[in-house]
Amino acid sequence: FDPHSWLAPLSFKAQVNLVLEEMKQAFPDLADTFQTNADAYMANLDALHMKYANTFGENGTCTKNTVVSNHNAYSYMSQRYGMEFVTVHGLDPEGEPSAADILEVVEQITEDGITIFYIEEYTDESAVASIVEQTKSSDLPNGVEIQILYTMELQPKDDSDDYISLMEKNLDALKSGLSC
């Protein structure tokens with residue numbers, strides 16, 4: 001079970017709705033204000049969803065659909081937008097991957113011509129150095145490129161970032177990795 005449901009904008013929208021209803025119950029005098037604010041935010045989530053759907057959905061422009069990352073936090077995104085995530089770690093990014101897990105990812109990178117390996121914002125790049133080293137080839141003399149996907153499990157390093165901006169950054173990063 002993947003607890004990262006917020007990484008799909010429509011799933012996050014459902015969560016906003018739950019919070020909205022609880023806030024209206026707890027503070028009925030502010031119900032109209034809560035509704036107005038939630039409606040505006042949910043419109044932003046709908047627009048974000050459409051960007052993802054138009055990029056990765058059936059009519060998307062991507063030539064690839066396999067994403068390789070260190071942490072399996074993207075099943076909601078994968079299911080909603082038709083991407084396949086191959087990961088080194090399961091749901092627990094703190095666990096130690098087995099040699100077989102690493103081999104599987106390296107083979108996937110080689111077979112599919114994947115050029116980008118995604119890690120989370122707070123992941124130390126040295127933790128995936130062996131994967132980068134093992135993917136060096138004539139096509140990738142420096143190995144796979146490391147890029148960031150934000151899971152928003154921790155506060156962002158940049159205080160100006162929020163859910164929408166981080167999901168936009170994820171969209172841009174995924175577009176580059178999936179040749180969109």
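1. The side chains of Asp-46 and Lys-13 form a salt bridge, 2.9 Å from N to O. The term means a side-chain nitrogen of Lys or Arg within 4 Å of a carboxyl oxygen of Asp or Glu. This pair ties together distant parts of the chain: Asp-46 sits in helix 2 (residues 31–56), Lys-13 in helix 1 (residues 9–26), 33 residues apart. Helices (H or I, at least four residues) and strands (E, at least two) are DSSP runs, numbered from the N terminus. Asp-46 is partly exposed at 29% relative accessibility. Lys-13 is also partly exposed, with a relative accessible area of 23%. The classes are: buried under 20% relative accessible area, exposed over 50%, partly exposed in between (1.4 Å probe, protein chains only).

2. On provenance: this is a predicted model, in which local features need pLDDT of at least 70 and side-chain atom pairs count only at pLDDT 80 or more, while totals for chains, interfaces and linings use all residues. Residues are numbered from 1 along each chain as its sequence is written, and side-chain values use heavy atoms, with hydrogens and water left out.

3. How many salt bridges does the rule give? The count is five. Side chains of opposite charge can pair when their charged atoms come close. Glu-168 is partly exposed at 23% relative accessibility. Lys-51 is partly exposed, with a relative accessible area of 39%.

4. Relative accessibility is 39% for Glu-21, which counts as partly exposed. Lys-24, at 21%, counts as partly exposed.

5. Overall fold. The protein chain has six helices and four strands. From the N terminus, the order is α-α-β-α-β-α-β-α-β-α. The C-alpha atoms fill a box of roughly 65 × 35 × 30 Å along the principal axes. The chain has 180 residues, and 41% of them count as buried. Among contacts (heavy atoms within 4.5 Å) with a separation of 6 or more, 68% are between residues 24 or more positions apart.

6. Surface and charge. The accessible surface comes to about 9800 Å², with 50% belonging to carbon and sulfur atoms. Areas come from the Shrake-Rupley method with a 1.4 Å probe; for residues, only the protein chains shown count as cover. Charges number 9 positive and 31 negative, and their mean positions are 7 Å apart. Lys and Arg count as positive, Asp and Glu as negative; His and the chain ends are not counted. Each charge is placed at NZ of Lys, CZ of Arg, CG of Asp or CD of Glu.

7. Patches. These are made of residues with over 30% relative accessible area and no salt bridge; like charges are joined within 9 Å, nonpolar side chains (Val, Leu, Ile, Met, Phe, Trp, Tyr) within 5 Å. Val-19, Met-23, Phe-27 and Leu-30 form a nonpolar surface patch, with about 340 Å² of accessible area together. Phe-27 lies in the loop between helix 1 and helix 2. Its relative accessibility is 43%, so Phe-27 counts as partly exposed.

8. Which residues form the negative surface patch? They are Glu-84, Glu-104, Glu-107, Glu-111 and Asp-112. Helix 4 (residues 99–112) gives the largest share, four residues. Glu-111 is found in helix 4 and is exposed, with a relative accessible area of 62%.
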